[in-house]
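Have your viewer ready, and we will start from a single residue before stepping back to the whole chain.

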Amino acid sequence: MTRTLKPRSLPRARLRHTLATLVLAGLAGGALAGPANVDGKRIEKVAKGGEAGNWLSHGRGYDEKRYSPLKQINDGNVDRLGLAWTHKLDIDMGVEATPIVVDGVMYTTGPFSVVYALEAATGKLLWKYDPEVPRPMAGEGCCGPVNRGVAVWKGKVYVGTFDGRLVALDAAKGTPVWTVDTVLDHAKSYTITGAPRIVKGKVLIGNGGAEFGVRGYVTAYDAETGKQAWRFFTVPGDPKLPPEDDAMAMALKTWFGDGWIKWGGGGTVWDSMSYDPELNQLYIGVGNGSPFNYQFRSEGKGDNLFLSSVVALNPDTGKYIWHYQTTPADRWDFTAAQQMTLADIKIDGKLRKVLMQAPKNGFFYVLDRTNGKLISAKNFVPVNWASHIDLATGRPVMLPDADYAKEAKLISPAIIGGHNWHPMSFSPDTGLVYLPAQETAAGLEAQKEPLFLPSKAVVNIGLNVPDLPEDPAVVEQISQSWRGRLLAWDPVKQEVRWSQDYRTIYNGGTLATAGNLVFQGTADGRVVAYAADSGKLLWQSPANTGVMAGPVTFEVKGEQYVTFMAGWGGTFPRILGPLSLAAKVKPESRILTYKIGGKATLPPAKFDTLPLPPPPPVTLEADKMPMARMLFNGYCANCHGLNAVSGGVVPDLRYLSADTHAQFNAIVAGARADKGMPPFANAMLPEHMEMIHQYVIKRAHDLKAELDKAKAEGSQPAAK
């Protein structure tokens, strides 16, 4: 074919496209293949041990095992792993993407849904696509403008953008082929942070936004044209209107009143999906209720299907097949949107087709994926909201102290979960699941009357604002009790085989390989490898920043590589800034790729510290300061951290300059919307803006006193 090509006869744009296609195809060692030449047959081979050198889908295969049969890098030589290349991403915020690697080309994403295509062996940038998400939208999602990656299919790359678009890109050029708007109601804060999946020529995508009062759904679009094929809602619509389908008619019977119509309902499918080609069943993981407060949402009655559920659908039609609800009547933000791993494992001497999930509620579930029946469940972290899961009914046995409707209760896990979005992996060699777990607890207290109405950039969960103490010594005690842990979990015996402890929560996803290895990034800025069978630490290297995403491994021209997407951000450092400071890292977004004998070097880590400007005087009366604190934590903590202590992802307001103090109310109203600061002019009164400003000033004085004391004692402050 290359001999018959006549470049001079082609238009210039067509020539560039043809040459780019041939270059990308040449990386794969096959000039006829073309870039991103992936279909269902190739992805299905993964489950049978094929496509060893590639990472074709989000969990590598449709079964989401995150296991690779590659073993050139193994427990005997992993200590020789060195950096092969690094690529700096454009924006230093949270990075959560799983790279897709196809025939020598890597496709991945960074903050604000920017897509990168690179040579997988060298890191050379082939193209970049910026969907130009409006920067003020950063405050319209719970966890920042993160993105968990792309999908590829027959020469196209698909990305869901933070502002709710689904975009198909030409894999050779990175230019849009088609774009669709997935948002049902633009008056509400719908976002996309999850990676698309592609099944039988349909691109599947859900949305985020439950904390902002949206109604959840998942949609399938034709991969070639972008035409909508079907949509499945996860919570019912207005009870005054006919339900969309039989599933919504069934769900409607489990909701009461009409509070969820006003407050949104929630149930967003913001992350996990998996697929069994043999059964032709698509599995979606459904999120929490909106608001969290069960009394506001459903009069304190009913299971509220399909919140916090695993739901099986027919991928051809979107029709309901079965469901299993991990947390009926969810009121704790116990999403079931965490990864669902499919495997065939022997239980009681019989090979079972199972689906495994470790949702936020702290229990590890093994389900029969043919019908959704519960096989076993056991808590993998300390829990106090339920005593156990009743195997006869499949339901949790709730403890009395779990109900915070009448008085505040300390709940474990906290709303950040016993396991968050960070992906787990399963090794068929060891039979173990490698689970990024976390031990947390926090007080919950129901609002008696709604304080914050649903609106863009304002979280409304129906709870009183979390009362994290301001005292640094108390914060340190709480921080010490929030621990991260990597568990090697036996899903048959439902017990821990081995574990590794971490100082903080929010450690990265895992990768298991046939080389008897488990790879993981850590919140404290490392990339590590453990022996899969014993848990022995075999290798570690600095990453300069917290690593949250799940790593991948691939092969190019006979050489194996391991890639980590590094970048600190998300819920923990944004909202829980005072607790996240224990990680001692700054946001720095990079792709880090390693190989045996790699000689590349990592630039020094960023540890820039600014002097604290002299704060202006506090003028607000002391008896009004608690109200000011509540307003700050209700409106501002979603980005700037509880009690005005930032985790470093966005500016720490205690360090404002004199000029910024002078412009404070104007900035809050919208004067810096073009720089990413969401406008609040329509969400709060001017007097509330001033009260919030006074609280920020008060917290700057608190920090100054703490720094002065530490300087006098020759020690480091507990928080800064």
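Leaving out residues up to four places away in sequence, Cys 142 touches Glu 211, Phe 212, Arg 574, Ile 575 and Asn 638, where contact means heavy atoms within 4.5 Å. Please keep in mind that this is a predicted model, in which local features need pLDDT of at least 70 and side-chain atom pairs count only at pLDDT 80 or more, while totals for chains, interfaces and linings use all residues. Residues are numbered from 1 along each chain as its sequence is written, and side-chain values use heavy atoms, with hydrogens and water left out.

**More on Cys 142**

- Cys 142 sits in the loop between strand S6 (125–129) and strand S7 (151–153); helices (H or I, at least four residues) and strands (E, at least two) are DSSP runs, numbered from the N terminus.
- Is Cys 142 buried, partly exposed or exposed? Its relative accessible area is 24%, so Cys 142 is partly exposed; buried means under 20%, exposed over 50%, and partly exposed in between, with a 1.4 Å probe and protein chains only.
- Between Cys 142 and Ala 210 there are 68 residues of sequence separation, and their C-alpha atoms are 8.6 Å apart in space.

**The whole chain**

- The protein chain has 13 helices and 39 strands.
- For 720 residues, a compact globule would have a radius of gyration near 27 Å, and the 25 Å of the protein chain agrees with that; the radius is taken over C-alpha atoms, and the globule rule is 2.2 Å times the number of residues to the power 0.38.
- Along the principal axes, the C-alpha atoms fill a box of roughly 80 × 55 × 55 Å.
- Buried residues make up 60% of the 720 in the protein chain.
- Among contacts with a separation of 6 or more, 62% are between residues 24 or more positions apart.
- The 77 positive and 70 negative charges have mean positions 6 Å apart. Lys and Arg count as positive and Asp and Glu as negative, without His and the chain ends, and each charge is placed at NZ of Lys, CZ of Arg, CG of Asp or CD of Glu.

**Nonpolar cores**

- In soluble globular proteins, nonpolar side chains tend to be buried together.
- A nonpolar core is a set of buried Ala, Val, Leu, Ile, Met, Phe, Trp, Tyr and Cys residues joined through side-chain atoms within 4.5 Å.
- The largest nonpolar core has 93 residues, of which Tyr 107, Val 157, Phe 232, Ile 284, Phe 519 and Trp 539 touch the most other members.
- Strand S38 (residues 559–566) gives the most to this core, contributing 5 residues.
- Apart from this core lies another one of 28 residues, among them Phe 334, Leu 355, Trp 385 and Ile 411.
- Beyond four places in sequence, the residues that Tyr 107 touches include Pro 35, Tyr 116, Trp 127, Val 157 and Ala 171.

**Helix H9**

- Helix H9 (residues 625–635) is mostly covered, with 8 of its 11 residues buried.
- Its buried residues are Met 625, Ala 628, Arg 629, Leu 631, Phe 632, Asn 633, Gly 634 and Tyr 635.
- The cover over these buried residues of H9 includes helix H10 (637–640) and helix H13 (686–713).

**Backbone points to check**

- Most residues other than glycine have a negative phi, and most peptide bonds are trans.
- The peptide bond from Leu 305 to Phe 306 is cis, with omega near 0 degrees, and Phe 306 lies in the loop between helix H5 (294–298) and strand S19 (309–313).
- Ser 412 and Pro 413 are also joined by a cis peptide bond, with omega about 0 degrees; Pro 413 is in the loop between strand S27 (409–411) and strand S28 (425–427).
- Asp 103 is not a glycine, yet it has a positive phi of about 50 degrees; at 18% relative accessibility, Asp 103 counts as buried.
- Tyr 506 has a positive phi of about 70 degrees and is buried, with a relative accessible area of 1%.
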